[in-house]
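Here's a quick briefing to read alongside the structure. Have the viewer open and click along as you go.

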Amino acid sequence: MGQCGSCCRSCWGQTKDDEANKDEKFGSGTQNKDLSDGPVKNRRMTDILWIPVFIAAQVIYIIVTIAGCQDGNPAKLYSPRDFMGAYCGVEDNWNNGPNLGATGSLSLTMNLTSTVDLLMKQAVCSSPASEALTVGNANYGPLLSTQAERDKYLCDCCIAPCGGVCDGSLALEDFSDPTALFNSMSSKLQELTDLSKATELFSTGGANGEMFSTSAFWEEATKYFNQVCVTDCTVDYTTINGSSGIRTFTYKPPPDSDFYDIWNTLLNANTANPLVAKITELINASFTFEALPFATCPYNPEFCVPFPGVGFQELAGNSMYCTFDFAGEVIDAIGSGAAEALRAIGVMDIASSATTELGKLAGDFLSAIDAFIVISVLSFVIGIVFLVVLRFTIGICVWIAIVISILMFILGGAFIFTLSIQCSDAGLLETGIQTSVAIAIAGTTAVSQTITGEEVSEECTGDCQDYRGVQHYSKNGLSCVTWDDPSRTRMSQYSSTAYPEADLEKNYCRNPYKANDTLKHDTIWCITSDELVKWEECYPIGVIIPECDDGHEIEPEEWRTILHYTSYVIWGLGGVWLIIIICMVKRINLAISLNKVAALFLARNPHVVLIPIVQALVAIIWTLLWMLSAAFLLSQVPETYTPTASYATYADAYGTSGTCTFWDTLTGNTDCTEGTPGACNDMWPSGSVWKASGDQCEFDGDIAKCWRCSQPRYALDYRFAISFFVFLWNNAFNVAMGQILIAMCVGIWFFTKKEDKGKVSVVPQALRTIFRYHVGSVLFGSFIVALVQFIRYLMKYFEKQAEAQKNRIMVYILKCVQCCIWCFEKCIKFLNKNAYIQIALCGTNFCKSAKEAFFLIARNFLRFGAIAALSGIIHGIGFVCIMSGTAVAGYLYMQELHPDLSPFMPCVCFLFVSYVVSKLFMNVFGLAVDTSLQCFLACEEMDGCGDFVPSTLRNFVKKKIEGKGEADSD
């Protein structure tokens with residue numbers, strides 16, 4: 001009993017014997033340090049007090065889980081949700097949400113705001129409307145009475161250049177004749193409102209042209225469709241025919257739209273005014289849609305308008321999710337191949353939007369529980385195969401590890417260097433086009449000026465009103481037309497006569513405006529030759545990579561410079577690493593020999609593989625049970641967690657993204673914009689945001705409040721924290737038990753006589769010794785690891801809360817804290833592992849073993865460092881092989897048996913399980929190497945241990961002993 005629970009004495013209160021044995025080496029005749037006959041036989045129970053503590057933790061976990069089962073509803077993690085966050089098939093939804101008890105299928109209807117938006121702008125921003133609103137005629141004045149209203153309208157419609165709103169005119173077909181506008185718009189809207197014209201809607205020969213017939217529309221399917229709950233997946237535009245309770249809805253812009261007042265002005269205009277009569281008739285007659293019955297689609301009519309020609313079918317048998325299925329007449333019109341391609345694109349876009357919620361992803365895991373079990377078993381097989389292959393390829397793996405370590409420096413430096421010169425804006429293709437145009441124009445201009453001997457300055461300042469260069473192409477390569485071209489009818493108000501000081505020479509880009517103009521652009525532009533793009537910005541010649549609209553990929557410039565030089569530093573470190581490898585050839589040879597010993601151990605004792613198999617089974621069963629229990633705890637979102645109020649803007653509800661970077665924080669830059677949290681996502685986990693229809697909006701005076709919050713699928717509280725800590729502790733205990741058992745097995749085998757190696761069954765001896773004497777020590781060590789991990793995850797939780805609050809400084813601080821804790825965790829795990837080896841060999845308690853392991857590492861830090869570096873890379877190869885094999889097999893399994901589910905979360909679970917399995921299997925090999933190293937060091941310090949030392953290490957021990965003998969003789 002003298003050593004039972006003696007941790008405190010060993011760690012904090014030293015006796016004289018403790019002081020005398022400080023930094024004690026292995027040696028014959030030394031208590032607990034003489035391994036001449038193998039691991040110490042005379043042992044006592046160590047750290048026994050941790051056993052009741054562990055049992056108490058399990059009891060608390062069971063109590064918390066039982067309480068969660070009474071109130072939780074895991075179905076909330078995977079049940080389909082509509083656009084406002086309500087659950088399909090649920091009668092009582094949060095915040096007096098719709099009764100969806102009879103509508104359990106998630107389908108799609110037309111998003112009128114997005115679908116009709118361009119048509120609305122085409123009508124409101126047309127030349128007849130612009131003339132009626134801003135100019136008028138001899139008999140009727142402009143409908144907009146003030147200049148401020150007219151300027152706002154011109155700016156909102158991008159009719160005139162105005163900085164900060166548009167970078168070019170709207171690419172919409174314009175009509176100068178009101179009758180032509182009426183006829184064209186009526187035809188387009190009829191294809192959307194008349195369900196019998198579905199074939200024309202998706203035909204390139206229809207009035208809408210390629211708007212709905214190309215892949216571009218279907219690539220943004222989430223933009224043009226609402227997710228709503230309906231009775232079943234057969235509900236579509238054909239449901240309108242012959243159904244009772246059909247509803248209608250007349251479109252108008254949302255109350256918070258910039259065009260809401262303009263729309264009402266045109267709607268209520270005097271029809272005797274010839275400028276606006278046709279537009280008013282168009283608005284009154286052509287923007288009315290039929291909506292599904294309330295019993296089929298229990299929402300306001302605006303959200304229940306079916307998309308003509310688009311049918312639906314179940315994603316899979318008995319699925320609650322509906323997917324696209326074109327009507328027969330549409331397929332006949334556009335062809336089966338095109339219909340299938342467009343359907344697939346739409347499904348991909350809708351499916352991608354479904355992977356944004358962690359709760360939904362957890363639900364996918366619960367629905368694919370069979371795949372989890374099958375792939376977990378398969379992960380065992382992959383791990384066993386890898387260990388078998390490793391036995392025959394260990395030498396190759398070591399040298400591959402060395403090559404990979406050098407390549408990592410080379411490739412890492414190349415990646416950082418590439419990142420430092422990368423520039424991004426609206427898109428990769430657009431960036432390429434603009435850069436190519438700039439290079440081509442700069443080249444041709446340079447050649448031309450060389451030939452003619454002329455030299456024109458391309459300099460400009462501020463908004464470039466003083467630019468007098470010769471650029472005559474827009475930023476996307478559109479040619480500019482002459483400012484004084486008499487045949488030009490578009491934007492005729494811009495000419496050299498109207499702006500004599502702007503130097504509107506030929507077709508060169510300029511930024512013309514007068515001092516008293518209210519509409520001013522912020523850079524040079526020109527009138528283009530393109531019929532759709534009336535005007536567009538330009539870049540001065542010689543600006544090859546201009547400032548991107550959305551900034552560089554890496555901001556600010558100082559960071560790009562830092563990254564540029566960092567790449568050279570990484571390459572330099574690679575060179576240093578190569579020199580170190582050359583200088584440590586002997587230690588690398590020792591590492592190879594130790595790896596061969598580990599391979600030999602596995603070859604002579606293949607039954608040791610049973611330890612990680614049992615560990616993996618325990619880990620999988622425990623992980624499965626814990627995830628099921630955690631689902632009950634996660635699904636309990638309090639009623640008051642999310643606000644129920646309405647908000648005027650998206651920014652009020654969802655917040656804004658700041659432009660400040662880490663560098664701005666360090667330098668104290670005040671020119672950037674700080675982000676602000678929204679009412680719906682000012683804490684994590686965050687809810688989502690949705691926009692109510694006009695009738696559902698609340699009004700605060702003239703301010704429309706249409707934005708509302710929806711609850712997250714899950715929430716975290718103290719009960720989940722308790723459950724999660726027990727999960728971490730159990731996992732750490734499982735890993736630690738495997739480590740100490742394998743260390744015990746290697747220790748027994750290493751010190752067994754040569755002729756008996758492979759004959760002695762090491763696993764039963766290890767099990768008896770560890771479970772009889774050292775369970776408490778393993779619980780103690782695993783508790784420390786779990787506590788450090790829990791604190792790191794807690795810091796991550798606080799980081800997410802700081803992100804939700806847009807507190808950049810706290811986010812950076814917490815990231816640094818997590819990094820420090822992660823490093824500390826790695827050190828703790830490394831020390832724990834060697835402490836377990838000391839426990840297995842010497843039988844001491846955890847604290848004393850950790851101390852002895854620390855001093856042993858200090859005496860041989862170069863050897864430990866070399867072996868750890870090489871073994872770490874070998875472990876990485878093992879992790880990659882086992883995890884990638886498991887993930888690929890899991891993905892293929894999901895595609896075949898669960899095509900209706902997103903494979904993302906199940907594959908994440910597969911990767912998690914394969915990571916655990918990889919960790920357990922690689923522990924067999926890694927612990928064999930590490931334990932062999934300590935056994936080898938024991939033999940060195942005891943000046944040889946007999947003929948049982950494996951042949952691959954015998955020469956190293958012999959040389960060490962001979963070296964000592966020569967030193968003593970000297």
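Predicted model: local features only at pLDDT ≥ 70, side-chain atom pairs only at ≥ 80, totals over all residues.

Glutamine 739 sits in helix H25, and if you skip residues up to four places away in sequence, its contacts are Lys833, Tyr836, Asn923 and Leu927.

**The protein as a whole**

- The protein has 970 residues, and 50% of them count as buried.
- Take the contacts with a separation of 6 or more: 75% of them are between residues 24 or more positions apart.

**Helix H25 and its partner H3**

- H25 covers residues 718-750, and it packs with helix H3 (residues 50-71) at an angle of about 135 degrees, the axes being 9 Å apart.
- That angle is why H3 counts as oblique to H25.
- The crossing of H3 past H25 is left-handed.
- On the H3 side, the contact is made by Trp50, Val53, Phe54, Ala57, Gln58, Ile60, Tyr61, Val64 and Asp71.
- On the H25 side, Arg719, Ile722, Ser723, Val726, Trp729 and Asn730 do the meeting.
- Sorted by class, the residues of this H3 and H25 contact are 10 nonpolar, 3 polar and 2 charged.

**Nonpolar cores**

- Which residues touch the most other members of the largest nonpolar core? Look for Trp626 and Trp729, in a core of 125 residues.
- Beyond its neighbours within four places in sequence, tryptophan 729 contacts Trp50, Val53, Phe54 and Ala57, as well as Leu779, Ser782, Phe783 and Ala786.
- There's also a second, separate core of 95 residues, and Phe182, Phe225, Cys480 and Val481 are among its members.
- As background, nonpolar side chains tend to be buried together in soluble globular proteins.

**Helix H31 and its two partners**

- Helix H31 (residues 904-941) packs with helix H21 (residues 585-604) at about 120 degrees, and their axes are 8 Å apart.
- H21 goes past H31 in a right-handed crossing.
- From H21, the contact draws on Leu590, Leu594, Asn595, Val597, Ala598, Ala599, Phe601 and Leu602.
- H31 brings Val924, Phe925, Ala928, Val929, Ser932, Leu933 and Phe936 to that contact.
- How many charged residues are in the contact of H21 with H31? There are no charged ones, with 13 nonpolar and 2 polar residues making up the list.
- H31 also pairs with helix H30 (residues 861-897): those axes come within 8 Å and cross at roughly 155 degrees.
- H30 and H31 are therefore roughly antiparallel to each other, as an angle over 145 degrees counts that way.
- This crossing of H30 and H31 is right-handed.
- The H30 and H31 contact has 21 nonpolar, 8 polar and 3 charged residues.

**What covers helix H13**

- Helix H13 runs over residues 277-286, and its buried residues are Ile279, Thr280, Leu282, Ile283 and Ser286.
- The cover over those buried residues includes helices H5 (117-124), H6 (127-134), H8 (178-193) and H12 (260-267).
- Strand S4 (288-291) is another part of the cover over H13.

Technical notes. Residues numbered from 1 in each chain as written. Heavy atoms only, no water. Axes fitted to C-alpha atoms, helices over the stretch in contact; angles between N-to-C directions. Helix = DSSP H or I, 4+ residues; strand = E, 2+ residues; numbered from the N terminus. Parallel < 35°, antiparallel > 145°, perpendicular 65-115°, else oblique. Left-handed = near helix turned anticlockwise from the far one by under 90°. Contact = heavy atoms within 4.5 Å. Nonpolar A, V, L, I, M, F, W, Y, C, P; charged D, E, K, R; others polar. Core = buried A, V, L, I, M, F, W, Y, C linked by side-chain atoms within 4.5 Å. Buried < 20%, exposed > 50% of the residue type's maximum accessible area, 1.4 Å probe, protein only.
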